[in-house]
Amino acid sequence: MKTRKEIDRDYRKRNAEKIKAYNQTPERKAQLKANQEKILKKDPDYFKNANKKWREENKEKDALRKKLYRAKKFGFDNIEDYQEHIKNKRELKKAENKKRIENEKKEKARKREADKQERRIQRVNNIKYDIDDNGCHIIVSGTNKQKSGYHQFNSGVYVHREVYFFNKGDIPKGKIILHTCDNSDCINPNHLIIGTHKDNTQDMIEKGRNYNAGYQPKLTEKQIKEIYLSDKSSYDLAEIYSVSDTHIRRIKRGTRCASITKTLH
Ligand SMILES: [Zn+2]
(Lines give C-alpha, C1' and ligand atoms only; values in the text may rest on other atoms or scores of the structure.)
Protein backbone atom coordinates (compact mmCIF):
# COMPACT_ATOMS: atom_id res chain seq x y z
CA MET A 1 0.00 0.00 0.00
CA LYS A 2 1.53 3.37 -1.11
CA THR A 3 1.43 6.41 1.14
CA ARG A 4 -0.12 9.69 -0.03
CA LYS A 5 3.38 11.21 -0.29
CA GLU A 6 4.57 8.36 -2.53
CA ILE A 7 1.51 8.60 -4.76
CA ASP A 8 2.16 12.37 -5.17
CA ARG A 9 5.82 11.77 -5.97
CA ASP A 10 5.01 9.16 -8.59
CA TYR A 11 2.46 11.45 -10.16
CA ARG A 12 4.96 14.33 -10.37
CA LYS A 13 7.56 12.00 -11.85
CA ARG A 14 5.18 10.67 -14.51
CA ASN A 15 4.11 14.20 -15.35
CA ALA A 16 7.72 15.39 -15.74
CA GLU A 17 8.47 12.49 -18.04
CA LYS A 18 5.40 13.32 -20.13
CA ILE A 19 6.48 16.98 -20.43
CA LYS A 20 10.01 15.94 -21.35
CA ALA A 21 8.75 13.63 -24.06
CA TYR A 22 6.37 16.27 -25.35
CA ASN A 23 9.22 18.85 -25.54
CA GLN A 24 11.23 16.40 -27.65
CA THR A 25 8.63 16.31 -30.45
CA PRO A 26 9.62 18.29 -33.61
CA GLU A 27 6.46 20.44 -33.38
CA ARG A 28 7.15 21.44 -29.78
CA LYS A 29 10.84 22.03 -30.53
CA ALA A 30 9.93 24.36 -33.41
CA GLN A 31 7.41 26.13 -31.20
CA LEU A 32 10.00 26.62 -28.40
CA LYS A 33 12.56 27.91 -30.88
CA ALA A 34 10.01 30.36 -32.33
CA ASN A 35 9.19 31.56 -28.80
CA GLN A 36 12.88 32.05 -28.07
CA GLU A 37 13.42 34.04 -31.22
CA LYS A 38 10.42 36.20 -30.41
CA ILE A 39 11.89 37.03 -26.99
CA LEU A 40 15.36 37.70 -28.46
CA LYS A 41 13.85 40.03 -31.00
CA LYS A 42 12.37 42.08 -28.17
CA ASP A 43 15.46 41.91 -25.95
CA PRO A 44 18.68 40.41 -27.40
CA ASP A 45 20.22 40.19 -23.88
CA TYR A 46 17.22 38.56 -22.24
CA PHE A 47 18.77 35.11 -21.68
CA LYS A 48 22.16 36.54 -20.83
CA ASN A 49 20.63 38.77 -18.13
CA ALA A 50 18.42 36.00 -16.85
CA ASN A 51 21.47 33.76 -16.46
CA LYS A 52 23.38 36.49 -14.73
CA LYS A 53 20.53 37.14 -12.32
CA TRP A 54 20.23 33.48 -11.55
CA ARG A 55 23.96 33.21 -10.86
CA GLU A 56 23.88 36.25 -8.57
CA GLU A 57 20.91 34.97 -6.63
CA ASN A 58 22.63 31.67 -6.10
CA LYS A 59 25.86 33.36 -5.24
CA GLU A 60 24.15 35.22 -2.40
CA LYS A 61 22.48 32.06 -1.22
CA ASP A 62 25.80 30.23 -1.38
CA ALA A 63 27.58 32.94 0.56
CA LEU A 64 24.85 32.89 3.20
CA ARG A 65 25.11 29.14 3.45
CA LYS A 66 28.88 29.37 3.93
CA LYS A 67 28.48 32.09 6.56
CA LEU A 68 26.00 30.02 8.51
CA TYR A 69 28.29 27.02 8.29
CA ARG A 70 31.16 29.03 9.78
CA ALA A 71 28.91 30.50 12.50
CA LYS A 72 27.79 26.98 13.52
CA LYS A 73 31.38 25.75 13.42
CA PHE A 74 32.32 28.41 16.03
CA GLY A 75 29.27 27.58 18.15
CA PHE A 76 26.84 30.33 17.08
CA ASP A 77 23.19 29.76 16.15
CA ASN A 78 22.99 32.62 13.66
CA ILE A 79 25.16 34.73 11.41
CA GLU A 80 24.49 38.01 13.29
CA ASP A 81 25.87 36.69 16.58
CA TYR A 82 28.91 35.33 14.81
CA GLN A 83 29.51 38.62 13.00
CA GLU A 84 29.18 40.52 16.28
CA HIS A 85 31.75 38.19 17.78
CA ILE A 86 34.14 38.78 14.85
CA LYS A 87 33.67 42.54 15.14
CA ASN A 88 34.48 42.52 18.87
CA LYS A 89 37.48 40.34 18.25
CA ARG A 90 38.74 42.74 15.56
CA GLU A 91 38.27 45.78 17.78
CA LEU A 92 40.09 44.09 20.63
CA LYS A 93 42.99 43.28 18.34
CA LYS A 94 43.03 46.84 17.02
CA ALA A 95 43.16 48.22 20.57
CA GLU A 96 45.93 45.80 21.45
CA ASN A 97 47.94 46.84 18.41
CA LYS A 98 47.49 50.50 19.23
CA LYS A 99 48.69 49.91 22.77
CA ARG A 100 51.65 47.89 21.54
CA ILE A 101 52.69 50.63 19.10
CA GLU A 102 52.35 53.26 21.83
CA ASN A 103 54.50 51.20 24.18
CA GLU A 104 57.11 50.70 21.48
CA LYS A 105 57.18 54.43 20.84
CA LYS A 106 57.58 55.13 24.54
CA GLU A 107 60.36 52.56 24.82
CA LYS A 108 62.15 54.08 21.81
CA ALA A 109 61.87 57.59 23.27
CA ARG A 110 63.17 56.33 26.62
CA LYS A 111 66.12 54.66 24.92
CA ARG A 112 66.86 57.78 22.85
CA GLU A 113 66.86 59.85 26.03
CA ALA A 114 69.14 57.35 27.80
CA ASP A 115 71.55 57.31 24.83
CA LYS A 116 71.58 61.09 24.77
CA GLN A 117 72.36 61.18 28.49
CA GLU A 118 75.11 58.60 27.98
CA ARG A 119 76.67 60.72 25.20
CA ARG A 120 76.51 63.83 27.40
CA ILE A 121 78.30 62.04 30.25
CA GLN A 122 80.87 60.64 27.84
CA ARG A 123 81.52 64.12 26.47
CA VAL A 124 82.21 65.43 29.96
CA ASN A 125 84.40 62.42 30.80
CA ASN A 126 86.46 62.98 27.65
CA ILE A 127 87.64 66.41 28.81
CA LYS A 128 91.28 66.43 29.89
CA TYR A 129 92.28 68.85 32.64
CA ASP A 130 95.18 69.80 34.89
CA ILE A 131 94.80 70.64 38.56
CA ASP A 132 96.53 73.87 39.62
CA ASP A 133 97.61 75.22 43.03
CA ASN A 134 94.18 76.72 43.59
CA GLY A 135 92.52 73.31 43.12
CA CYS A 136 91.10 74.43 39.80
CA HIS A 137 90.56 71.78 37.12
CA ILE A 138 91.99 73.66 34.14
CA ILE A 139 90.67 72.36 30.81
CA VAL A 140 93.44 71.11 28.53
CA SER A 141 91.42 69.55 25.69
CA GLY A 142 88.05 68.24 24.61
CA THR A 143 86.23 71.57 24.33
CA ASN A 144 86.03 74.76 22.26
CA LYS A 145 87.08 77.89 24.07
CA GLN A 146 84.98 80.95 23.24
CA LYS A 147 86.04 84.61 23.09
CA SER A 148 84.10 85.07 26.33
CA GLY A 149 86.58 82.72 28.00
CA TYR A 150 83.97 80.01 28.54
CA HIS A 151 84.25 76.56 27.02
CA GLN A 152 81.61 74.95 24.85
CA PHE A 153 81.05 71.55 23.27
CA ASN A 154 80.52 71.36 19.50
CA SER A 155 76.78 71.46 20.12
CA GLY A 156 77.16 74.91 21.75
CA VAL A 157 76.38 73.61 25.24
CA TYR A 158 78.49 75.25 27.96
CA VAL A 159 80.94 72.84 29.55
CA HIS A 160 80.78 74.25 33.08
CA ARG A 161 76.98 73.93 33.02
CA GLU A 162 77.20 70.26 32.01
CA VAL A 163 79.78 69.60 34.71
CA TYR A 164 77.53 71.27 37.27
CA PHE A 165 74.50 69.31 36.07
CA PHE A 166 76.17 65.90 36.28
CA ASN A 167 77.92 66.57 39.60
CA LYS A 168 75.48 68.72 41.53
CA GLY A 169 72.10 68.58 39.82
CA ASP A 170 69.51 70.54 37.89
CA ILE A 171 70.06 74.17 36.96
CA PRO A 172 66.80 76.11 37.50
CA LYS A 173 65.54 78.03 34.46
CA GLY A 174 67.04 81.49 34.12
CA LYS A 175 69.95 80.69 36.46
CA ILE A 176 73.59 80.68 35.44
CA ILE A 177 76.61 78.85 36.81
CA LEU A 178 79.30 81.03 38.39
CA HIS A 179 82.94 80.23 39.07
CA THR A 180 83.83 80.98 42.71
CA CYS A 181 87.47 80.78 41.56
CA ASP A 182 86.84 83.36 38.82
CA ASN A 183 88.53 81.07 36.29
CA SER A 184 86.41 80.24 33.26
CA ASP A 185 88.85 77.46 32.32
CA CYS A 186 88.02 75.63 35.55
CA ILE A 187 85.59 72.71 35.73
CA ASN A 188 86.11 71.72 39.36
CA PRO A 189 82.48 71.08 40.43
CA ASN A 190 83.32 72.46 43.88
CA HIS A 191 84.17 75.82 42.29
CA LEU A 192 80.81 76.06 40.52
CA ILE A 193 77.74 77.64 42.10
CA ILE A 194 74.29 78.65 40.89
CA GLY A 195 73.69 82.37 40.51
CA THR A 196 71.99 84.99 38.37
CA HIS A 197 73.30 87.36 35.71
CA LYS A 198 73.04 90.10 38.32
CA ASP A 199 75.30 88.12 40.67
CA ASN A 200 77.77 87.69 37.85
CA THR A 201 77.82 91.39 36.97
CA GLN A 202 78.27 92.30 40.65
CA ASP A 203 81.05 89.77 40.90
CA MET A 204 82.72 91.18 37.79
CA ILE A 205 82.58 94.73 39.14
CA GLU A 206 84.05 93.62 42.47
CA LYS A 207 86.82 91.69 40.79
CA GLY A 208 87.42 94.41 38.20
CA ARG A 209 86.89 92.25 35.16
CA ASN A 210 84.14 94.13 33.38
CA TYR A 211 86.38 96.24 31.16
CA ASN A 212 83.73 96.78 28.54
CA ALA A 213 80.96 98.04 30.79
CA GLY A 214 82.43 101.46 31.54
CA TYR A 215 83.99 100.52 34.89
CA GLN A 216 87.55 101.48 35.57
CA PRO A 217 89.90 98.50 35.58
CA LYS A 218 91.80 98.10 38.81
CA LEU A 219 95.07 97.68 36.98
CA THR A 220 96.71 100.06 34.55
CA GLU A 221 98.33 98.91 31.33
CA LYS A 222 101.75 99.42 32.91
CA GLN A 223 100.81 97.30 35.94
CA ILE A 224 99.47 94.51 33.72
CA LYS A 225 102.75 94.43 31.81
CA GLU A 226 104.69 94.34 35.09
CA ILE A 227 102.60 91.43 36.32
CA TYR A 228 103.02 89.55 33.07
CA LEU A 229 106.80 89.86 33.17
CA SER A 230 107.22 89.37 36.93
CA ASP A 231 108.87 86.26 38.42
CA LYS A 232 107.02 86.70 41.72
CA SER A 233 104.35 84.20 42.77
CA SER A 234 100.74 84.95 41.92
CA TYR A 235 99.96 85.25 45.64
CA ASP A 236 102.69 87.89 46.16
CA LEU A 237 101.56 89.81 43.08
CA ALA A 238 97.96 89.66 44.31
CA GLU A 239 99.10 91.28 47.57
CA ILE A 240 101.10 93.96 45.78
CA TYR A 241 98.37 94.99 43.28
CA SER A 242 95.40 94.18 45.57
CA VAL A 243 93.62 91.98 43.06
CA SER A 244 92.81 88.26 43.31
CA ASP A 245 95.60 85.75 42.69
CA THR A 246 93.32 84.10 40.09
CA HIS A 247 93.24 87.35 38.17
CA ILE A 248 97.04 87.45 38.27
CA ARG A 249 97.24 83.89 36.92
CA ARG A 250 94.85 84.72 34.15
CA ILE A 251 96.94 87.70 33.08
CA LYS A 252 100.03 85.50 33.06
CA ARG A 253 98.25 82.76 31.12
CA GLY A 254 96.98 85.31 28.60
CA THR A 255 93.28 84.60 29.17
CA ARG A 256 92.89 88.16 30.44
CA CYS A 257 94.28 91.43 29.04
CA ALA A 258 95.87 89.55 26.14
CA SER A 259 95.63 92.66 23.94
CA ILE A 260 98.11 94.35 26.30
CA THR A 261 100.45 91.44 27.02
CA LYS A 262 100.71 89.95 23.52
CA THR A 263 103.26 92.66 22.56
CA LEU A 264 105.57 91.29 25.25
CA HIS A 265 106.09 87.83 23.73
ZN1 LIG B 1 88.37 76.65 39.93
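Strands S1 (residues 128–131) and S2 (residues 137–141) pair in the antiparallel sense, joined by four bridges. They belong to a predicted model, in which the protein is divided into domain 1 (66–125) and domain 2 (129–264). The C-alpha centres of these two domains lie 57 Å apart.

**The hairpin of S1 and S2**
- Five residues lie between the two strands of this hairpin.
- Glycine 135 takes a positive phi near 85° in the hairpin.
- Across the pairing, tyrosine 129 stands opposite isoleucine 139, a residue of S2.

**The two domains**
- Domain 1 covers residues 66–125, and domain 2 covers residues 129–264.
- Four residues from domain 1 and four residues from domain 2 take part in the contact between them.
- On the side of domain 1 that touches domain 2, two residues are nonpolar and two are charged, with no polar residues.

**Glutamate 91 and helix H4**
- Helix H4 spans residues 79–125, and glutamate 91 is found in this helix.
- Is glutamate 91 buried or exposed? Glutamate 91 counts as exposed because it has 10 C-beta neighbours inside 10 Å, and the cut-off for an exposed residue is 12 or fewer.
- Glutamate 91 and leucine 32 are 59 residues apart along the chain, and their C-alpha atoms are separated by 57 Å.

Conventions
Residues are numbered from 1 along each chain as its sequence is written. This is a predicted model: local features need pLDDT of at least 70, side-chain atom pairs count only at pLDDT 80 or more; totals for chains, interfaces and linings use all residues. A residue is buried if 20 or more other C-beta atoms lie within 10 Å of its own, exposed if 12 or fewer, and partly exposed in between; C-beta atoms are placed from the backbone. Two strands pair if DSSP finds at least two bridges between them. Domain bounds come from an automatic or database domain assignment. Two residues are in contact if their C-beta atoms, placed from the backbone, lie within 7 Å. Ala, Val, Leu, Ile, Met, Phe, Trp, Tyr, Cys and Pro count as nonpolar, Asp, Glu, Lys and Arg as charged, and the others, Gly among them, as polar.
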